[in-house]
Structures are given as C-alpha cells and as structure tokens.
Amino acid sequence: MIILRLALKSLANRWLTALLAVASIALSVALLLGVEKVRSGARQSFADTISGTDLIVGARTGGLQLLLYSVFRIGNATNNITWTSYEEIARQPEVAWAVPLSLGDSHRGFRVLGTTRDYFERYRYRRTNGLVFAEGRPFDDLFDAVVGSDVARALRYRVGSPLVIAHGLGSVSFVEHEDKPFRVVGVLAPTGTPVDRTVHVSLAAIEAIHIDWQSGARTPGQTVSADEARKLDLAPKAITAALVGLKSRLAAFKLQRAINDYPREALTAILPGAALQELWGLVGVAETALSAVSWMVVATALLGLATMILTTLNERRREMAILRSVGARPATVIGLLSAEAGLLTLAGVLAGLALTYGGLLVARPLIDRLYGLHLAIDPPTWNEIATLCAIVLAGIVTGLAPAIRAYRLSLADGMTVRM
Amino acid sequence: MSLAPLIELDRVHYRWPGRTGFGMAVERLRIERAERVLLVGPSGTGKSTLLALIAGIVAPHAGHIRVLGEDIANMRASARDRFRAEHMGIVFQMFNLLPYGSAIDNILLPLSFAPRRRGRIGKPAAQVLEACRLLTQLGLDPASIGPRRAAELSVGQQQRVAAARALIGGPELVIADEPTSALDPDIRDKFLGLVLAEIARSGAGLLMVSHDPALSPRFDRVVHLGDVVEVLHGVAAGTRAAPETAV
C-alpha cells in the first residue's frame with residue numbers, strides 16, 4: 001500500500017533521529033531487564049546456595065547473621081557452640097545427619113572451613129546438586145586440604161600444592177600457622193556458591209593448628225610441632241555452627257524450638273528458607289529503588305521519543321494537510337503517526353532484549369568469577385513479556401499525543417498550512 | 001437530463017474554532033459542472049475557509065453545501081473524507097507533496113482512498129502509465145521526474161506534480177488555493193495553461209482562488225469573494241451582530 005510505503009520512506013528520511021530514539025529505548029529496556037535478571041539471579045543464587053539442609057544451628061545470635069556467616073561466609077560468628085552440645089543435637093532421634101562447621105581462619109583471602117568428610121556428602125546446592133571433585137579426593141590426613149574451584153584457579157593450586165593457613169580473616173595476614181603446612185588433596189568442581197571460595201580442612205586440623213595458641217595469640221615458649229600435634233588429642237572442643245538434616249521436615253519446627261530453648265547453652269536454630277526471606281525483606285528496599293530507577297530511565301527514553309516526534313510536528317502538519325486533502329481520514333493519519341512511534345518502540349524493545357541476552361552471555365562468566373553470582377539465561381518470563389508489551393503500548397500512546405495535536409492543528413489549518 | 005450543479009452553497013454559517021466571535025456566512029454560491037471559476041479577494045476574507053468548507057475538510061454550523069447534488073454539510077466526517085477522495089482534487093499554494101515520496105508515489109496517493117477513481121484507470125501498471133501521461137501532459141518528462149523524490153524537485157515542478165495528483169482518475173472538481181502564487185509569471189502562465197487544458201480534457205470543474213486579477217481572462221467566470229462571503233465579527237452565542245461585508 002502506497003501510504004505505508006510513504007510512511008516508511010518518511011521514517012527512513014529521519015533514520016538518524018529514529019535510530020537514536022531506538023537506541024535509547026533499547027538501552028533503557030536492557031537496563032530494566034538487566035536489573036531484573038541480576039535481582040532474580042542474585043535471589044536464585046542465594047536460595048540455591050543451601051539446599052537439603054533443614055536447620056542451621058549456631059550460638060545465640062540473629063537468624064540472618066547465622067545464615068550469612070555459616071553458609072555465605074559473610075561476617076563473623078559472635079560465639080561458638082560446644083562440641084558436647086553439637087553431639088547432643090546430632091543424637092536427637094529426628095536428626096538424620098549433622099555436619100559441624102568451624103570457621104575463623106583464612107588462607108590468602110579465602111576462608112578456611114573446618115568440617116568432617118560428611119560435608120562433601122551432605123552439602124547440596126541448586127536443589128539436588130552435590131559436591132563433585134574435579135581432582136583428587138576428600139581430606140584424609142590431618143594436614144590435608146580440599147580447595148574450592150575459585151581458590152584453585154586464583155592461587156593456581158593443584159593436588160599436591162602446599163598451603164599455609166593464616167590466623168584470622170584478613171586477606172593479608174601477619175600471623176600464620178606456618179609451622180603446620182597443609183597439602184592440597186582435592187579440588188572441587190565449580191558450584192557457583194561460596195564453596196568455590198573456601199578451603200576445607202578437617203576439624204582436627206583446626207584444633208591442631210590452634211593447639212599452642214591461646215586467646216588469639218601464640219603461647220610464648222610453648223610450641224608444638226606438626227608431628228607432635230598428631231599425637232595429641234585433637235577432638236574438637238567447640239565449633240562455629242552445624243548443618244542439620246532431618247528425617248522428616250515436619251520435625252523442623254519442633255527441633256528448632258527445642259534447640260532455641262536448650263538449657264545448657266544459648267543456641268539458635270534457623271530454617272534456611274525463613275532466614276532467606278528475612279534477607280529479601282532487608283534488601284527489598286534497595287531492589288525497589290533500583291527498579292524504580294530503571295523505570296525512570298524507560299520513561300526518559302519514551303520522553304525522548306515524544307520529543308523526537310514533536311520536533312517533526314510542523315513537517316507533520318503539512319503531511320497531515322496533504323493526506324487529508326487526498327481523502328485520508330483523521331484516524332488513518334493519527335494511526336500512521338502513532339504506528340511509527342509504536343514501531344520505533346518495538347524495535348527498541350527487541351534491540352533491548354538482544355542487548356540484555358547478548359550482555360548476559362558475555363558478562364556471565366565474568367560475574368560468576370568476580371562475584372560468584374550465577375546468572376541463569378532463561379527466556380523472558382511472562383511478567384517480563386507483559387512489561388515489554390506495556391512499554392510498546394506506552395510508545396504508541398506517546399506517539400498518539402503528538403498525532404492528536406497535529407490533527408487538531410490540521411483542523412484549524414483547514415487547507416492552508418500556516419506556520 | 002438536468003444534472004445537479006457542481007457546487008451549491010445555501011445559507012452557510014461557519015465559526016472558526018477557538019476564535020469565538022469570528023465567523024463567516026455565505027448566502028448563496030452556485031458553480032456549474034465543468035465551469036472554471038476564479039475566486040478573487042484580498043487575504044483574510046475567508047477564502048481558504050470557503051475552500052475548506054467546499055472540500056469538506058471542515059463542516060459548517062448551519063446551511064447546506066451540495067457538491068454534485070450531495071449535501072456534504074450533513075455527512076459524517078468520514079463520509080466527507082471519502083466523498084472528497086472520490087470527487088475532488090486539491091492543489092495548495094505550496095508544500096503540496098510528501099517530500100520523501102517519488103513524484104509518481106505522490107500522484108498515485110489519492111487512488112488509495114478512492115476506489116472509483118482507481119477503477120476508472122485500472123490495474124497498478126495502468127495507474128503508473130496514467131501518472132506518466134499526466135506528467136507529460138503537464139510538460140514534465142516522466143522518465144526523469146517520475147522516480148525522483150518530491151523534495152528534489154523545483155517549486156514549479158512540484159506544483160505540476162500536485163496538479164497531476166489532483167487530476168488523476170478524473171475527479172469532477174479541482175480546487176486550487178493560489179497554486180501559482182509561488183511561481184514566476186512566465187512559469188505561472190504556462191502552468192495554468194497546461195492545467196486548464198487537462199481540465200478541459202477530463203471535463204472537470206475548476207474552483208481556483210487567487211489574488212491576481214490578471215488571470216481572469218482564462219476563466220469562465222470571476223467571483224469576488226466580497227460578493228458572496230460575509231465576515232461576521234462579535235458573534236456571541238445565540239446573538240448575531242450586524243454583518244459586515246468583507247471588502
């Protein structure tokens with residue numbers, strides 16, 4: 001149809017401004033989708049970090065704090081729980097398994113986790129995935145260590161590499177347990193969880209390196225060599241936290257209450273999911289702010305589109321008068337103008353989608369490496385599709401306003417276009 | 001067989017939108033079929049509004065405007081648009097063409113809104129041939145002018161392309177609003193001669209507005225705007241002030 005061809009030619013004539021409008025819409029859509037992807041990716045990543053664990057037990061503290069330091073290695077424990085308490089909890093009839101966690105040391109910026117071999121069996125992420133050894137095996141000897149994939153990559157560790165654990169958690173440490181060097185016996189496959197950035201050793205090893213220490217400093221004149229340490233009783237006296245699996249999830253609340261009311265020691269037990277909900281509540285404000293900003297960017301892009309259309313309005317009044325003179329109905333003319341806006345917005349939205357997915361494809365390995373954030377590349381959700389349709393609709397409405405104004409002017413113009 | 005006149009205005013009243021108090025009235029105006037009428041008068045006396053009323057681009061608030069016997073004043077806006085597309089060709093003072101389209105596209109544009117005019121010519125290929133014939137008739141070379149973008153044409157060429165657009169498919173009425181005012185005198189005379197020749201061929205009537213009385217010998221009749229249009233000042237709602245004849 002000749003009129004559509006003319007409309008396209010008119011658009012082609014303004015290709016540069018049109019392209020800029022499309023680009024700004026594309027960028028704003030990419031930002032909107034990107035924020036959403038990172039948001040849901042972060043949530044998913046957090047939620048996926050701990051699966052199959054019914055309760056996390058630690059010293060009396062906030063539920064969120066316990067979750068953060070025990071699973072995400074964020075922050076520090078305020079207190080430990082005694083080994084006896086741990087053993088008593090592990091003995092409860094509802095408990096299927098329990099894995100102790102002992103934190104507090106580090107190795108060149110990576111946290112060191114003292115645990116048992118059960119950890120490699122019981123730890124689950126992304127619902128059902130278990131830990132897999134890319135190389136080597138779980139620790140066996142007192143001074144064996146298993147490193148996460150990020151640790152191995154960053155420090156170029158392989159099976160057999162020696163490592164020295166530092167006391168405390170700084171990335172540069174001046175106090176090292178250099179008298180008791182470890183040896184890497186296993187490297188874990190990447191998981192996209194904090195496990196990748198953790199050095200795992202046995203609980204006994206944590207005891208051994210601290211045997212000649214008291215209150216965070218080496219006891220003067222009292223050194224115990226690595227070989228001597230092997231002969232000592234290395235049964236742990238305290239741990240930081242414990243992951244607990246139950247025979248039936250129905251027992252979770254009951255056991256949680258029992259642990260929280262444990263008479264001999266002040267303890268906290270949390271359900272990981274509930275603590276995560278608490279976390280979402282906390283970061284929800286920031287998320288809302290972020291998404292409000294991206295919506296404002298979308299609005300700005302649409303305003304840019306309206307500006308572009310408005311600046312061509314004088315030209316359009318002539319077009320309108322000509323089309324009206326040859327018998328085009330106002331609806332046809334208004335339709336043409338808003339179709340143009342709709343078309344540009346649609347192009348912008350599609351380009352924005354391409355930009356988002358292209359960007360995700362390129363940035364995903366980088367984000368995974370830098371932040372340990374595993375972003376899923378899924379097709380857009382219905383929610384996102386609805387959002388994008390709303391943007392296209394808003395684009396059409398954006399074009400409608402100048403079009404109706406042009407039509408009003410054309411009525412006043414009659415046959416002569418006065419400018 | 002007596003045909004209805006080409007144009008017949010009967011006690012037409014119109015108020016400009018947004019400018020309350022200003023209006024115009026036409027008691028009576030009649031133009032016969034195939035008649036060539038020159039409408040002269042100074043600017044500001046409602047020339048363009050009269051043309052817009054006859055073309056059906058605006059509707060009067062009272063009275064009848066019959067074109068080919070049909071009262072377009074009583075038609076719905078969309079019916080008026082269709083009627084205009086089928087029966088009228090319009091040439092403006094300037095800016096007649098969509099600048100991005102080729103000359104041929106511009107000439108063929110009215111046919112997309114006028115099935116009967118399209119039907120008179122035939123298939124798309126025939127339509128293009130007819131557009132080329134009109135270009136030739138109006139003194140332009142279709143091979144060089146036809147495919148060129150309208151924006152690249154000179155003003156004189158643009159006016160001829162606009163005339164070809166008004167004439168394609170043989171509408172009964174051609175309305176021209178000072179089509180020669182942007183042209184040099186010698187180009188103007190040539191343009192007018194070519195348009196009048198083509199109108200004579202197709203049997204259309206021509207209503208042309210101009211402030212240039214020198215053109216009058218080439219028309220059947222000259223109508224002075226002041227004789228037919230009353231410009232009304234200070235028309236408040238419901239009351240009517242003393243009419244003042246435009247000079």
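Visitor: In which sense do strand β8 (residues 144-147) of chain A and strand β12 (residues 198-202) of chain A pair, and over how many bridges?

Guide: Bearing in mind that this is a predicted model, β8(A) and β12(A) pair in the antiparallel sense, over three bridges.

Visitor: Why is helix α2 (residues 15-49) of chain A called oblique to helix α12 (residues 330-371) of chain A?

Guide: Their axes come within 7 Å and cross at roughly 45°. That angle makes α2(A) oblique to α12(A), because an angle under 35 degrees would count as roughly parallel and one from 65 to 115 as roughly perpendicular. The crossing in which α2(A) passes α12(A) is right-handed.

Visitor: Which residues of the two helices meet there?

Guide: On the side of α2(A) they include A18(A), V22(A), I25(A), V29(A) and K37(A), while α12(A) brings, among others, L344(A), G348(A), G352(A) and L360(A). By class, the contact of α2(A) with α12(A) has 15 nonpolar, six polar and one charged residues.

Visitor: What makes α2(A) roughly antiparallel to helix α10 (residues 272-311) of chain A?

Guide: These two helices pack at an angle of about 175°, with their axes 8 Å apart. Because angles over 145 degrees count as roughly antiparallel, α2(A) is described in that way relative to α10(A). The residues of this contact divide into 17 nonpolar, seven polar and three charged.

Visitor: And where do the two chains touch, that is, which elements of chain B give two or more residues to the side that touches chain A?

Guide: The contact takes 30 residues from chain B and 23 residues from chain A, and the elements of chain B that give two or more residues to its side are α1 (47-55), α2 (77-87) and α3 (103-108). That side of chain B divides into 17 nonpolar, eight polar and five charged residues.

Visitor: Which residues of α2(B) are buried, and what covers them?

Guide: The buried residues of α2(B) are R80(B), D81(B), R84(B), A85(B) and H87(B), and their cover includes α1, β4 (62-67), β6 (88-91) and β7 (173-177) of chain B.

Methods
Residues numbered from 1 in each chain as written. Chains lettered and ligands numbered in written order. Predicted model: local features only at pLDDT ≥ 70, side-chain atom pairs only at ≥ 80, totals over all residues. Contact = placed C-beta atoms within 7 Å. Helix = DSSP H or I, 4+ residues; strand = E, 2+ residues; numbered from the N terminus. Nonpolar A, V, L, I, M, F, W, Y, C, P; charged D, E, K, R; others polar. Axes fitted to C-alpha atoms, helices over the stretch in contact; angles between N-to-C directions. Left-handed = near helix turned anticlockwise from the far one by under 90°. Pairing = 2+ DSSP bridges. Buried ≥ 20, exposed ≤ 12 C-beta atoms within 10 Å, placed from the backbone.
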